[in-house]
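Please read the following note beside the sequence and the three-dimensional model. It is written for a reader who is new to structural description.

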Amino acid sequence: MKQLKDHEAFETSSLIGHSARVYALYYKDGLLCTDQHNLLTYHKTIISNELKFLPFLGLESEVKNEIDEHQKLNDGGINANLKGSDDLSAKLWDVSTGQCIYGIQTHTCAAVKFDEQKLVTGSFDNTVACWEWSSGARTQHFRGHTGAVFSVDYNDELDLLVSGSADFTVKVWALSTGTCLNTLTGHTEWVTKVVLQKCKVKSLLHSPGDHILLSADKYEIKIWPIGREINCKCLKTLSVSEDRSICLQPRLHFDGKYIVCSSALGLYQWDFASYDILRVIKTPELANLSLLGFGDIFALLFDNRYLYIMDLRTENLISRWPLPEYRKSKRGSSFLAGEMSWLNGLDGQNDMGLVFATSMPDHSIHLVLWKEHG
């Protein structure tokens, strides 16, 4: 705790070697997925997928340019020249040894999630794909969206995959067959985040153990029961302003008990049992901060200059760490938090590994890590 307050708990490093834009990141313990070979080893996981560099122009222009670029790549002659290039590849690394375990060719990724067997990608080509690490084969191709796919999540136990798209819909798919089971409508903006999570509290609408789907656009968070019924009804819609004057940040925290999201008004925490707002943390410093992680004791936030730690017991910012100038995607795809168990309290064992990662204009990945004895 003293090191946090004295701003001495972290150190920085970089992953050098990317030759094109690092566009989507995903973190999972034990493995590192990226496109290039010159990597620095640490103890957790990032996944990244490269796209050809385009300058940041805001969310709408950013995605339009990426879609235009994807269409150019598929024009006659160009696709043949780029096929098999590193710009559209993903590699899985064992970070304890620095060994590359797998490398596969993918498509233009806007969102990624993986486990040790497979990689799931959402693309600017309006599709979702599932890839097998061991063979590099695409095992499923999920077609049906009419806009770029910005977010994906899946659950092997349920054999379900969900995707959120620029076509304002959420689709529910059979993970093993690629069949579209349901299309959820009601959003009036691009769906930039979907989350599958098991409920941990009881209410009139759900019980502990029920699987719940959250979908978010820039104004609303919608809560859905996850099932195979065609006429699935939204359980609840959450927002911070009835007149849509306040936008939500793209990062969303849901642990089965609470939903937390940041906005220009501050941090909002909803109780998932009642859907009531439990807490609004409003401070002048929060006006331009984005949420990365939220726990029982600490919250991790950041802006264009610093990484911040808030003590939720006092609602004060107790530490900050400088960040270099980086490319901040408004969809939240180009930055992520690392290990987050320490947000529930430091125990002397969980202050290790990755804290934060983001892609940089020079195509490297900037890392903030705990010092060895943080």
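Predicted model: local features only at pLDDT ≥ 70, side-chain atom pairs only at ≥ 80, totals over all residues.

1. Residues are numbered from 1 along each chain as its sequence is written, and side-chain values use heavy atoms, with hydrogens and water left out.

2. A nonpolar core is a set of buried Ala, Val, Leu, Ile, Met, Phe, Trp, Tyr and Cys residues joined through side-chain atoms within 4.5 Å. Buried means under 20% relative accessible area, exposed over 50%, and partly exposed in between (1.4 Å probe, protein chains only). The largest such core has 23 residues, of which Phe 10, Leu 300, Leu 307, Val 355 and Phe 356 touch the most other members. Two or more residues each come from β24 (298-302), β25 (306-311), β26 (316-322), β27 (335-337), β28 (354-359) and β29 (365-370). The greatest share, three residues, is given by β24. Strands are DSSP runs (E, at least two residues), numbered from the N terminus.

3. Another core, of 20 residues, lies apart from the largest one and includes Ile 246, Phe 254, Cys 261 and Phe 272.

4. Strands β23-β24-β25-β26, in that order, form an open sheet of four strands with antiparallel pairing. Two strands pair if DSSP finds at least two bridges between them. The edge strands, each pairing on one side only, are β23 (290-294) and β26. Between β23 and β24 there are four bridges, and Gly 293 stands opposite Leu 300 in β24.

5. Rings of Phe, Tyr and Trp (its six-membered ring) pair if their centres lie within 6.5 Å; planes under 30 degrees apart count as stacked, over 60 as edge-to-face and the rest as tilted. The count by this rule is 13 aromatic pairs. The ring centres of Phe 150 and Trp 190 are 5.5 Å apart with planes at 50°, so this pair is tilted. Phe 150 is buried, at 4% relative accessible area, whereas Trp 190 is partly exposed at 23%. For Phe 272 and Tyr 275, the centres are 5.6 Å apart and the planes at 80°, so the pair is edge-to-face; both residues are buried.

6. Phe 10, Phe 298, Trp 321, Trp 342 and Trp 370 are linked into a cluster by ring pairs.
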